[in-house]
Amino acid sequence: MKTMIYLLAFAMFASVATAQEWSFFDALDKNDDGKVTESEWLARNKKTANKKGKPFDPVMMKALFQGRDTNGDGTLSREEVENAPAKDKKKKKKQN
Ligand SMILES: [Ca+2]
Ligand SMILES: [Ca+2]
């Protein structure tokens, strides 16, 4: 069940991320302290959703945040942010 939510969130997120060439981590890390807190994460995703006129689902976004927080410290490092969909993104780029 949790996996399904994550996959759904991932699919939604991936479509947003692929359109962006700039550093997603830098966009998320508003206060530049080198880590993305849950509130930074939610704020950014909410902004993106609003911009695109899409509904913002904080529960889904929280699940996505937790899915990325691989070491479970409650914040996302640059590595954690860039590892999940970025890998996928590079693969797709190579094929094109
Ligand atoms: Ca931060
Ligand atoms: Ca972490």
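Tyr6 lies in helix α1, which covers residues 2-17, where helices (H or I, at least four residues) and strands (E, at least two) are DSSP runs numbered from the N terminus. The model in which this residue is seen is predicted, so that local features need pLDDT of at least 70 and side-chain atom pairs count only at pLDDT 80 or more, while totals for chains, interfaces and linings use all residues. Residues are numbered from 1 along each chain as its sequence is written, and chains are lettered from A and ligands numbered from 1 in the order in which they are written.

With 16 C-beta neighbours inside 10 Å, Tyr6 counts as partly exposed; a residue is buried if 20 or more other C-beta atoms lie within 10 Å of its own, exposed if 12 or fewer, and partly exposed in between, with the C-beta atoms placed from the backbone. Although 58 residues separate Tyr6 from Leu64 in sequence, their C-alpha atoms are 5.9 Å apart in space. Leaving aside neighbours within four places in sequence, Tyr6 is in contact with Ala63, Leu64 and Gly67, a contact being a pair of residues whose C-beta atoms, placed from the backbone, lie within 7 Å.

The protein as a whole has five helices and two strands, and along the sequence these follow the pattern α-α-β-α-α-β-α. Of its 96 residues, 14% are buried. Among contacts with a separation of 6 or more, 58% join residues 24 or more positions apart.

The largest nonpolar core has nine residues, namely Ala9, Phe24, Val36, Trp41, Met61, Leu64, Phe65, Leu76 and Val81. Helix α4, residues 58-68, supplies the largest share of this core, with three residues. Such a core is a set of buried Ala, Val, Leu, Ile, Met, Phe, Trp, Tyr and Cys residues joined through C-beta atoms within 7 Å. Trp41, one of the core residues, touches Leu28, Val36, Met61, Phe65 and Leu76 when residues up to four places away in sequence are not counted.

The packing of two helices can be followed next. Two packed helices are described by the angle between their axes and the distance between the axes. Helix α3, residues 38-51, packs with α4 at an angle of about 130 degrees, the axes being 10 Å apart; axes are lines fitted to C-alpha atoms, for helices over the stretch in contact, and angles run from 0 to 180 degrees between N-to-C directions. The two helices α3 and α4 are therefore oblique to each other, since angles under 35 degrees count as roughly parallel, over 145 as roughly antiparallel, 65 to 115 as roughly perpendicular and the rest as oblique. On the α3 side the contact is made by Glu38, Trp41, Leu42 and Asn45, and on the α4 side by Pro58, Met61, Lys62 and Phe65.

Glu38, which is found in helix α3, counts as partly exposed, with 16 C-beta neighbours inside 10 Å. Not counting residues up to four places away in sequence, Glu38 touches Lys62, Phe65 and Gly74. The C-alpha atoms of Glu38 and Gly74 are separated by 7.2 Å, although the two residues are 36 apart along the chain.

Thr75 has its place in strand β2, residues 75-77, and is partly exposed, with 17 other C-beta atoms within 10 Å. Residues up to four places away in sequence again left out, Thr75 touches Lys35, Val36 and Thr37. The C-alpha atoms of Thr75 and Ser39, which are 36 residues apart along the chain, are separated by 9.6 Å.

Asp32 sits in the loop between α2 (24-28) and β1 (35-37). The phi angle of Asp32 is near 60 degrees, a positive value in a residue other than glycine, and Asp32 is exposed, with 7 other C-beta atoms within 10 Å.

Key
Contact = placed C-beta atoms within 7 Å.
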